[in-house]
Amino acid sequence: MAELPRACSDELGAVEFLERQRWGDSPACPRCGATDVYQMQGRDGKRNKRFLWDCRDCGDQYTVRIGTVFEDSRIPLRHWCYAFWAACASKKGVSALQIKRQTRLSYKSALFLMHRIRFAMTPDRSPRLDGTVEVDETYVGGKPRNPSIQAIRAMSYEERKPWRQERAEFAFRWNHRKVDDGARTVAAIRGAEGKRLYYRDPRGVPSNDPTGGFGLCSV
Ligand SMILES: [Zn+2]
């Protein structure tokens, strides 16, 4: 996966990498699905500074962020690429502090990235672990114990939230343990699509948290 280092350091590289992962050779309008689309250009003939696309069919303008976990964030996509890669390349995941150090984002932004990446790693249904899972007690860090899936199910929604997200991340890495870091990163990034976050949790989770636990806010 030779493109990843560039995608993590250069914004255009990141945009093009994510576009390729999302659309392959046939970029399509996320609003109407038409493929009669083109990259907008600036006066200098280079790509538009916001990396906008224009759809000739519905007239909509969009970027690769639309309809993904990146949508309502202003964090540069190269930092997203780095965080996805770091979360996928390490056996135990990556901490928000590491993301902060590497990207020089604020801790709050780094935490936001990590929550979204875990969300991208969450299967559309509840996390499923294939085969026998050997849970490493240390991956949950300072938490007192590592509850079983049954124990998590018995918890209230509020109690369960952090565990479910960590489970999802752990399950993702386990289910993709046989591929290399690059392929695992691509799989995680593909999970970012269709994971646009809603103010009201589509599953109708009753909660005082309007983000349904996924921290929807612009950073
Ligand atoms: Zn369109």
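In the protein, residues 24 or more positions apart account for 61% of the contacts with a separation of 6 or more, two residues being in contact if their C-beta atoms, placed from the backbone, lie within 7 Å. The structure is a predicted model, in which local features need pLDDT of at least 70, side-chain atom pairs count only at pLDDT 80 or more, and totals for chains, interfaces and linings use all residues. Residues are numbered from 1 along each chain as its sequence is written.

Eight helices and three strands are present, assigned as DSSP runs (helices H or I, at least four residues; strands E, at least two) and numbered from the N terminus. Their order from the N terminus is α-α-β-β-β-α-α-α-α-α-α. Of the 219 residues, 30% are buried, that is, 20 or more other C-beta atoms, placed from the backbone, lie within 10 Å of their own.

Helix α2 comprises the 13 residues 11-23. Ala14, Val15, Phe17 and Leu18 of α2 are buried. These buried residues fall within an arc of 165° seen down the axis of α2, and therefore line one face of the helix; the arc is that of the directions from the helix axis to the C-beta atoms. The buried residues of α2 pack against α1 (3-9), α3 (77-89) and α8 (181-190). Just after α2, Gly24 adopts a positive phi of about 60°.

The average pLDDT (the predictor's confidence in each residue, from 0 to 100) is 78, and 70% of the residues score at least 70. Over residues 126-144 the pLDDT stays under 50. The pLDDT is also below 50 over residues 197-219. Where pLDDT is low, the predicted coordinates should not be read in detail.

Conventions: Expected span 1.5 Å × (residues − 1). Buried ≥ 20, exposed ≤ 12 C-beta atoms within 10 Å, placed from the backbone.
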